[in-house]
Amino acid sequence: MRDMQAEGIRFILGRGIKEIASSGLWGRLFGRSGKGVILEDGERLKAEVVIVATGTRPNVDLIRGTGMTVNRGIPVNDYMETSIADIYAAGDVAETKDVVTGKVGLTPIWPNAAAQGRISAYNMAGCRRPYGGMVGMQNAVEFREIPAIAMGLTQPEGNNYEVLADYQPDRNYYKKLVLRDNILVGMILVGAIHQAGVYGALIKKRAEISPYRHRLMREDFSYAHIFSRLVY
Ligand SMILES: Cc1cc2nc3c(=O)[nH]c(=O)nc-3n(C[C@H](O)[C@H](O)[C@H](O)COP(=O)(O)OP(=O)(O)OC[C@H]3O[C@@H](n4cnc5c(N)ncnc54)[C@H](O)[C@@H]3O)c2cc1C
């Protein structure tokens, strides 16, 4: 963010958009040509293009009124079956259980959709297979050649969590691990993401990390440390 600000990019945080104004509305409101957005505090920003990225909402209109249970999405059981027997839902539209939070809800990302599709297909074909559950929040991005990955619960609330963090601004490095009862429940990796696999596996498996807890934050912590505990 600091780098991007240095290049003149302005970040406006904590202030929502009140209105997206077309050229007609802009002219009526301000008496001059233009189009763009008006923020909650009244600030106007001219814009040629407005991109809205504020979450997802499945289109469930098709099945409303069919008798199938619908919340924000379509709740399914462990076999991806909806409230109507032999009808399955998978992907962005399905509500499943998050292994980290235990909450039932949407997990609208591609790997979850693919896994749910596969499990639904097995069950539709008569092979009874439970869906193991997924971590709802998983993001992998790269900003200006700085890779970043986040997974699970990264902004914990309450006193039940322990946060381990290492921030080294000089090398654009940040690592944050969130623990609950010695189980890793969330991570943010910025700058060095080579440990995303091992941390991700610990989160998904809900593994007890006390045997290697003292090494967990080290940059060389890897599967080798886990396997060595199993072997010896
Ligand atoms: C801008 C954007 C960026 C994203 N980036 C990422 C990312 O970086 N990583 C990631 O993991 N995920 C990302 N996602 C999410 C990912 O695309 C979805 O999780 C995934 O595509 C879900 O697959 P799906 O099959 O459930 O739904 P979709 O891919 O939405 O497929 C549903 C299909 O059903 C069709 N359909 C809808 N209604 C009807 C109807 N009545 N009759 C017939 N067909 C119908 C639609 O046209 C569509 O083709 C992104 C999504 C968006 C929009």
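Trp26 is buried at a relative accessible area of 2%, where buried means under 20%, exposed over 50% and partly exposed in between, with a 1.4 Å probe and protein chains only. Bear in mind that this is a predicted model: local features need pLDDT of at least 70, side-chain atom pairs count only at pLDDT 80 or more, and totals for chains, interfaces and linings use all residues. Residues are numbered from 1 along each chain as its sequence is written, and side-chain values use heavy atoms, leaving out hydrogens and water.

Rings of Phe, Tyr and Trp (its six-membered ring) pair if their centres lie within 6.5 Å; planes under 30 degrees apart are stacked, over 60 edge-to-face, and the rest tilted. That rule gives 4 aromatic pairs. Trp26 and Phe30 make an edge-to-face one, because their centres are 4.8 Å apart and their planes sit at 70 degrees. Both belong to helix H2 (residues 23-30), 4 residues apart, so about one helical turn separates them. Helices here are DSSP runs (H or I, at least four residues), numbered from the N terminus.

Now hop over to Tyr199 and Phe221: with centres 6.0 Å apart and planes at 20 degrees, this pair is stacked. Tyr199 is in helix H4 (residues 196-205) and Phe221 in the loop between H4 and helix H5 (223-231), so the pair ties together parts 22 residues apart in sequence. Tyr199 is buried, at 0%, and Phe221 is buried too, at 2%. Together with Tyr212, Tyr199 and Phe221 form one aromatic cluster.

How values were computed
Helix = DSSP H or I, 4+ residues; strand = E, 2+ residues; numbered from the N terminus.
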